[in-house]
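This briefing covers a single protein chain.

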Amino acid sequence: MRHTELTMGRSFALAFDDGDNFVEELTKFCAEFGIRQAIVPMFLGGFRRVALVGTNGPLKDPEAPVWDETVLHTVEAVGAATLAWSPESDSLAPHIHVAVGRKDLHAAGSVSHLLSAEVQFIQEMFLHEVIAPAMLRPKCGTHAVPTLGFAPHPASEAR
């Protein structure tokens with residue numbers, strides 16, 4: 001396990017609109033406000049279309065990550081995220097998980113990593129910027145999974 005103390009920055013409330021590309025709008029917002037790392041304790045609302053990590057069938061290797069995409073339509077959603085910086089792509093690397101319930105199947109649920117989504121009606125999000133330390137998401141391990149890491153915290157170096 002890795003751990004660090006966080007120095008928090010600004011806090012924001014975001015309200016996404018019907019038809020918004022969820023990940024694209026979040027990424028644009030972060031670029032506009034200079035946010036390279038943050039925590040999203042929760043978001044909620046509806047998605048017209050959502051792409052999640054998942055497959056329909058047995059896993060070839062249960063110890064390997066799944067990169068397949070499954071698409072659901074017309075869902076209610078609640079989720080959380082961490083936003084860190086990818087050193088490989090020199091860009092924001094969101095890690096977003098979501099629990100969704102399908103409106104057409106008695107709210108039958110799915111929980112997984114969110115790949116993309118189109119907002120239906122609204123999504124509401126609360127985002128807390130992290131000032132320090134730098135939160136990085138390099139690809140690690142045998143399967144090159146983007147994994148959260150921390151640069152040394154300036155406050156701990158002074159102690």
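**Briefing: strand pairing and salt bridges**

In this predicted model, Met 42 stands opposite Phe 126 in β5. Strands β2 and β5, which run antiparallel, are joined by twelve bridges. The protein contains two helices and nine strands, and a search of the whole structure finds six salt bridges.

**Overall architecture**

- Read from the N terminus, the order of elements is β-α-β-β-β-β-β-β-β-β-α.
- The protein has a radius of gyration of 17 Å, which agrees with the value near 15 Å that a compact globule of 159 residues would have.
- The C-alpha trace spans about 55 × 40 × 25 Å along its principal axes.
- Of the 159 residues, 33% are buried.
- The accessible surface comes to about 9,200 Å², and carbon and sulfur atoms account for 57% of that area.
- Among contacts between residues at least 6 apart in sequence, 69% join residues at least 24 apart.

**Pairing around strand β5**

- Strand β5 comprises residues 109-132, and its pairings include those with β1, β2 and β4.
- With β1, the pairing is antiparallel and extends over nine bridges; in this context Asp 17 stands opposite Ile 122 in β5.
- With β4, β5 pairs in the antiparallel sense over five bridges, and Gly 101 has Gly 109 in β5 as its bridge partner.
- The hairpin of β4 and β5 has six residues between the strands, and His 106 in this hairpin takes a positive phi near 55°.

**The salt-bridge network at Arg 48**

- A network of salt bridges links Asp 18, Arg 48 and Glu 118.
- Because Glu 118 lies in strand β5 and Arg 48 in strand β2, the pair ties together parts that are 70 residues apart in sequence.
- Asp 18 has a relative accessible area of 44% and is therefore partly exposed.
- Arg 48, at 27% relative accessibility, counts as partly exposed, and Glu 118 is likewise partly exposed, with a relative accessible area of 28%.

**The salt bridge between Glu 76 and Lys 103**

- Glu 76 and Lys 103 form a salt bridge in which the closest N and O atoms are 3.1 Å apart. This pair also links distant parts of the chain: Glu 76 belongs to strand β3 (residues 69-86), whereas Lys 103 sits in the loop between β4 (91-102) and β5, 27 residues apart.
- Glu 76 counts as partly exposed at 41% relative accessibility, and Lys 103 is partly exposed with a relative accessible area of 38%.

Definitions and conventions
Residues numbered from 1 in each chain as written. Predicted model: local features only at pLDDT ≥ 70, side-chain atom pairs only at ≥ 80, totals over all residues. Heavy atoms only, no water. Salt bridge = Lys/Arg side-chain N within 4 Å of Asp/Glu carboxyl O. Buried < 20%, exposed > 50% of the residue type's maximum accessible area, 1.4 Å probe, protein only. Helix = DSSP H or I, 4+ residues; strand = E, 2+ residues; numbered from the N terminus. Pairing = 2+ DSSP bridges. Rg over C-alpha atoms; globule rule 2.2 N^0.38 Å. Contact = heavy atoms within 4.5 Å. Areas by Shrake-Rupley, 256 points an atom, 1.4 Å probe, with all protein chains shown as cover.
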